[in-house]
Amino acid sequence: MSKIAIIMGSISDMPIMQEAIDILKEFGIETEVDIVSAHRTPEKLFDFSTKAHSKGISVIIAGAGGAAHLPGMVASMSPLPVIGVPVKSSNSIDGWDSVLSILQMPGGVPVATVALNGAKNAGILAAQIIGSSNPVILEKIISYKEGLKQAVLKASEAIR
């Protein structure tokens with residue numbers, strides 16, 4: 001089974017990143033969670049980024065606030081797909097600095113970027129990447145999306 005790494009620049013990002021952990025648990029996908037600061041632990045960042053693929057990790061979700069260099073730096077060193085979660089943090093400029101730091105990557109170093117504080121969507125996207133080659137996970141994604149549809153139809157009926 002594929003494993004998804006969920007990393008963040010600071011423990012203060014955990015309440016947001018927990019949403020990715022929760023949705024991946026719902027899909028039955030194993031996660032590895034850690035704090036890896038691009039600015040405070042660069043050696044750990046290098047070690048994690050260059051070795052993640054050899055540890056059974058298939059996708060990396062990286063959440064960061066402020067300057068938000070973590071997702072891009074990981075993507076620069078890892079052959080794995082990286083999904084960036086911009087986090088609106090206390091040192092953030094209303095979250096825009098984080099969004100733009102993750103979104104505006106140079107050619108050759110892609111980072112898939114979700115909405116500000118969008119860790120749940122990052123988890124779903126990571127599961128979809130895994131599901132593209134894993135029929136069990138694909139069925140769980142299909143079922144999840146059907147559940148979303150049914151919730152909307154039920155709400156629609158309720159307001160009539």
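**Labels.** Helices (H or I, at least four residues) and strands (E, at least two) in these notes are DSSP runs, counted from the N terminus. I am working from a predicted model.

**Entry 1, D94.** I began in the loop between β4 (82–87) and α4 (96–103), which is where D94 sits. I looked up its phi and got a positive value of about 55°, although D94 is not a glycine. Most residues other than glycine have a negative phi, which is what made me stop here.

I found A68 in the loop between β3 (57–65) and α3 (70–77). Its relative accessibility is 3%, and the cut-off for buried is under 20%, so I noted A68 as buried.

Then I moved on to the loop between α4 and β5 (112–113), where G108 lies. How far apart are G108 and D97 in space? I read 21 Å from C-alpha to C-alpha, for two residues that are 11 apart in sequence. G108 comes out at 74% relative accessibility, so I wrote it down as exposed.

I turned to a helix pair, α1 (residues 14–26) and α5 (residues 119–131). Their axes are 7 Å apart and meet at an angle of about 35°. I noted the crossing of α1 past α5 as right-handed. Which residues make the contact? From α1 I listed I16, M17, E19, A20, I23 and L24, and from α5 A119, K120, G123, I124 and A127. Sorting the residues of this contact gave me 8 nonpolar, 1 polar and 2 charged.

Last, I went along α6, residues 135–158, which has 24 residues. From the first C-alpha to the last I get 34 Å, close to the 34 Å expected at 1.5 Å a residue. At the start of the helix, I found a side-chain oxygen of N134 within 3.0 Å of the backbone nitrogen of V136. The buried residues of α6 are I137, I141 and Y144. What covers these buried residues? The cover includes α1 and α5, the pair from my previous entry.

Key: Residues numbered from 1 in each chain as written. Predicted model: local features only at pLDDT ≥ 70, side-chain atom pairs only at ≥ 80, totals over all residues. Heavy atoms only, no water. Axes fitted to C-alpha atoms, helices over the stretch in contact; angles between N-to-C directions. Left-handed = near helix turned anticlockwise from the far one by under 90°. Contact = heavy atoms within 4.5 Å. Nonpolar A, V, L, I, M, F, W, Y, C, P; charged D, E, K, R; others polar. Expected span 1.5 Å × (residues − 1). Buried < 20%, exposed > 50% of the residue type's maximum accessible area, 1.4 Å probe, protein only. Polar contact = N/O pair within 3.5 Å; in protein donor to acceptor, adjacent residues only side chain to side chain.
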